[in-house]
Protein chains: 2
Amino acid sequence: MAQDQTHPLFDKHINTLRQSVAACEARISWSFHPESPAKRGDAGLAAGREAFEAYRDASFYLDQPGVIGRVGAEQSPYGLPLNISYPQCSADALIVAAKNATSAWVDCGPDVRTGVCLEILDRLHKHGIEIAYAVMHTSGQPFSLAYQHSLAGALDRGLEAVSAAYREMKQVPGRTQWEKPQSKGNPLKIEKLYTIAPRGIALSVCSATEPTSLSWPGFFASLVTGNPVIINPHPSAVLPMAMTVAVARMVIKEAGFDPNLVSLLVDEMGNSSAAMVGLRPEIRIIDCSCDAQTSRWLEENAHETALFTLKSACNCVVVDSTADYKGMLRNLTFSICLNSGQLLATPRLIMISREGVRTPDGTVSPDQFGRDLSFAIGKLLEDPARGAELLGAIQSPDVLTSLEAIRDAASNEDSGTLLRDTARIEHPLWPAALMATPLLVRQQLTDSNEFLNQGLGPLMFVVETATTAEAISSAERIMREKGALNFSVYTDSQPLQQLAQGVAIRVGVTLNINLCGNLLPLHAEAFSDFYASGENPAASCSFIDAAFVARRFFVVQTRRQLA
Amino acid sequence: MAQDQTHPLFDKHINTLRQSVAACEARISWSFHPESPAKRGDAGLAAGREAFEAYRDASFYLDQPGVIGRVGAEQSPYGLPLNISYPQCSADALIVAAKNATSAWVDCGPDVRTGVCLEILDRLHKHGIEIAYAVMHTSGQPFSLAYQHSLAGALDRGLEAVSAAYREMKQVPGRTQWEKPQSKGNPLKIEKLYTIAPRGIALSVCSATEPTSLSWPGFFASLVTGNPVIINPHPSAVLPMAMTVAVARMVIKEAGFDPNLVSLLVDEMGNSSAAMVGLRPEIRIIDCSCDAQTSRWLEENAHETALFTLKSACNCVVVDSTADYKGMLRNLTFSICLNSGQLLATPRLIMISREGVRTPDGTVSPDQFGRDLSFAIGKLLEDPARGAELLGAIQSPDVLTSLEAIRDAASNEDSGTLLRDTARIEHPLWPAALMATPLLVRQQLTDSNEFLNQGLGPLMFVVETATTAEAISSAERIMREKGALNFSVYTDSQPLQQLAQGVAIRVGVTLNINLCGNLLPLHAEAFSDFYASGENPAASCSFIDAAFVARRFFVVQTRRQLA
């Protein structure tokens, strides 16, 4: 039962693994999956587009056990009719099948599992264009972002997860001979075997807005450490995860294992089974990025599982001074516009001192800053094609409803004042797409900060404080209470940078100092950046630290006395 | 704020660290702290004894904030009057002081913290004899075990914790320069700093029977990763932990840090503050080995903390066949007698097939096996001095009460039958010591297995099953339900060994095959063996896997745009 078997898939991918393990340690800029779809050439793009089209108006094929019907009601935020149905399987059947598949997957050991997982990544990459289209037409992400972030970036995170888990599993040797001298007689000789054992079945509850990028890290980390995974996609974004499951099952089967190691549990719209299935005793790991409510419920109730949640974030920006006012505005406007503010890492709140922003050309008053930011957004979105490719579409009509409520309150000066109004616009290619330009609202900081209980969407709050120091301490309070992934500060003052550094350590956020170029606060690249810290309400885990992988397996020892 | 400071204490201990990190990876037999007190010579032993005596009839000195009185009611299980009082401090004051001490401890970085922790271990080792006496006269452990297990073994586990944490912290570089080519213009250049940040304050709730060995791993893992630690000893075993705190505070102060990084929170007898303090928001890590009830309560309520619990275990033994019947009996009797069965890792239940035990000299019937085991125990304890040094004293009078109830039920044949009666005996050196010889009871396996809900103590159950395969599957059910650290099997059958291996992986226990020499099932050596898996009710963590250390810190990034 020694877990040192070999497999052609491990040999095939060993160079990738070596490079990737080294990249995790160096944390320099390194990527395995090219960011741009252009590398595939026109023929590749066309073939991918065609493959995506083939899924429309069709029954998605998955050879899973326990089928009780078919389900599927995804709506493309771009207005493209999808009409895809998926097999709906009983959770009981998927759990039993996953349990039965486990033993061979454990016995083959870390190397074989790593080879199979790297092959799944390779195969997902081959299906990259159709997956990017699937993300686009479920989450509303513009195609370029869907490809860069939700395909290439997510594949890199998957590779990072496999590599980080490989490193942790390989800390422990497969076997050792233990000898201890005795006061009398021969030394005591014991043969020890060390087996990497999975915790049990993993449940992956996925997001509607970032289906692949927030779930692939946990999926690969669970699978490579020996756990079967049941994927429970958001009913609005099933297709990218169904593709993931189909590819994984195919590769696993080809490699000689039971495909029920990975299965898809589809819910009807508005009827999530995450909570019910999450409490099943067989489920020992849960990754949940679907919504903050479900994550919190699981945190309070699923005590027996290793739980990895991503919830909601109020990422803050403090503007004090800058040597590059235009660069700062450009960075902020891109952050506000990209994907209509629907990424978990999008900044949500800009804080500025009443004393204004110090620049090389003099001090800019808060009012002027508000006008400049508003103008810069207008400028960026001026060209409809570029604007559309930046904004993408709004994932859920609910976002527009709550956006309009905030707009109405601000335009009546019931709550805040309007800095820039939102407007419905038309996508040049997708006339039925749900789109809106960003809303910019000036707000007062209150003790309750009710206005911050907003979800994702094209919405940015600007808040004035007495001083920059007050802005930083208010940001600390807000991020501790509401959660945050990143904290951005524009200042040339060393003491204020140090103050912000203290906040970042206490609250557990990535601190960005003076980002004025193409690196946005919301960017977090695999192999170099940590996504979340797990130390504030935004998330209970980090992509990808040691704890993210180490909690998914344990080591079982066998000690045998030798003659 | 780069965390790459140096410190003379790091340089002093760097060779120890290197050896220990290598030992963790090789998992061969390696120990840094000698097991035998004899190495200290007669003078060293006498000086240590004298140092221990100086604590008796005295006020333990600790310069902690928020003193509200003095408390202390420890009773030596050997009958030695202790009369030691400790300062009782308010949890509020200790929490505030710990918070204030944190920032410098974080800023100095992993190397400096590692140096300081290794110096604490070195200083604890210097005070080794008095600590061993303190363990003996609170937990009831015989002196040799107190020295070997609770001092030398626990120091080795502490060193293992520091080394494992050091390795995980050092996976991430302190800084890197990130460069990414841009489609237009110069590459994007970002300086990235990575800071190891602590989760918050750690609470260590300690055991009465194994005060040091079950708490030092978590204590050192928390401290070296940047967390202040509040130690909440069991009111029956304060002294060893008070000594730990005093030594740690001294070293921390000498190294130029705030001693309130480590403090002692003493409770009055029967009035544990663990639950109340554990729910304080500042407490972000809890290690709890005090009792199963408190651990379970924390698991159900302290959702916001990283929780590491050690509860209770029903470690099983299955006897099928052996090439060394005498060696097997000797191994079993030592396991039953050592420390009067009061270690969490002590086997609790022997299962044997009605078909008997196959040996080279023929088959031994279950009845004969019971008589042989009973006789072997008597033989081992025949010499009063040797018997006393093996059994030690009973930590709590409650153990004797429940032991007598089981004895009465078995002698009336209400529940089980007596294989060997327990008897109160006298310690040759400590006439007032609480002692009892092991009780051996034959029991029927029922669905409820109520008889297994026993705590620690000199008690072993023997259960007959129809076949060995039934014994193994019953053991699986019992260990999954009641929890277990280890599972021992005596069999020359390869298929049965494989069956047991499957059980070990599914339940998460160390499997011992045919241990007939000086390695007992309960032994788990630092650097080679894992103590618990964290995967069954016995414990939610393992000494010491990657998850045990990685969950105690996170990484905060600072990204600064370079010109």
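**View 1. Where the two chains meet.** The contact takes 59 residues from chain B and 59 from chain A, two residues being in contact if their C-beta atoms, placed from the backbone, lie within 7 Å. This is a predicted model, in which local features need pLDDT of at least 70 and side-chain atom pairs count only at pLDDT 80 or more, while totals for chains, interfaces and linings use all residues. Residues are numbered from 1 along each chain as its sequence is written, and chains are lettered from A and ligands numbered from 1 in the order in which they are written. On the side of chain B that touches chain A, the elements that each supply at least two residues include helix 1 (8-26), helix 16 (494-507) and strand 20 (553-561). Strand 20 of chain B gives the largest share, eight residues. Helices (H or I, at least four residues) and strands (E, at least two) are DSSP runs, numbered from the N terminus. Sorted by class, this side of chain B has 24 nonpolar, 20 polar and 15 charged residues. Here Ala, Val, Leu, Ile, Met, Phe, Trp, Tyr, Cys and Pro count as nonpolar, Asp, Glu, Lys and Arg as charged, and the others, Gly among them, as polar.

**View 2. A strand pairing that joins the chains.** Strand 19 (residues 510-513) of chain A pairs with strand 20 of chain B in the parallel sense, over three bridges. Two strands pair if DSSP finds at least two bridges between them. To find your place, look for A:Leu511, which stands opposite B:Thr558 in strand 20 of chain B.

**View 3. Looking for the rotation axis.** Two copies of a chain are related by a rotation about an axis and a shift along it. Here a rotation of 180° with 0.0 Å of shift along its axis superposes chain B on chain A, with an RMSD of 0.0 Å. That is the relation of a two-fold axis. The superposition is by least squares on the C-alpha atoms of residues with pLDDT of at least 70 in both copies. B:Ala547 is the residue of chain B that comes closest to the rotation axis, with its C-alpha at 2.8 Å. The same surface serves both copies, as 100% of the contact residues of chain B recur in chain A.

**View 4. Chain A on its own.** Chain A holds 17 helices and 20 strands. Its radius of gyration is 25 Å, close to the 24 Å that the globule rule gives for 563 residues, so chain A is as compact as a globular protein of that length. The radius is taken over C-alpha atoms, and the rule is 2.2 Å times the number of residues to the power 0.38. Along the principal axes, the C-alpha atoms of chain A fill a box of roughly 85 × 65 × 45 Å. Buried residues make up 59% of the 563 residues in chain A. A residue is buried if 20 or more other C-beta atoms lie within 10 Å of its own, exposed if 12 or fewer, and partly exposed in between. Among contacts in chain A between residues at least 6 apart in sequence, 75% join residues at least 24 apart.

**View 5. Strand 10 of chain B, covered on both faces.** In a regular strand the side chains alternate between the two faces of the sheet. In strand 10 (residues 306-309) of chain B, B:Ala306 and B:Phe308 are buried on one side, and B:Leu307 and B:Thr309 are buried on the other. Strand 9 (residues 283-288) of chain B pairs with strand 10 in the parallel sense over four bridges, and B:Ile285 stands opposite B:Ala306. From strand 9 the chain crosses through helix 10 (residues 292-301) of chain B to strand 10, in a right-handed β-α-β crossover. Right-handed says that, with the strands pointing away from the viewer, the path from the first strand over the helix to the second runs clockwise.

**View 6. A buried loop residue, A:Gln454.** This residue lies in the loop between strand 16 (439-443) and strand 17 (459-465) of chain A. A:Gln454 counts as buried because it has 20 C-beta neighbours inside 10 Å. Leaving aside neighbours within four places in sequence, A:Gln454 is in contact with A:Ser402 and A:Leu459.

**View 7. Backbone details in the loops.** Most residues other than glycine have a negative phi, and most peptide bonds are trans. A cis peptide bond joins A:Phe543 and A:Ile544, with omega about -15°. A:Ile544 lies in the loop between strand 19 and helix 17 (546-550) of chain A. B:Asn339 has a positive phi of about 55° although it is not a glycine.
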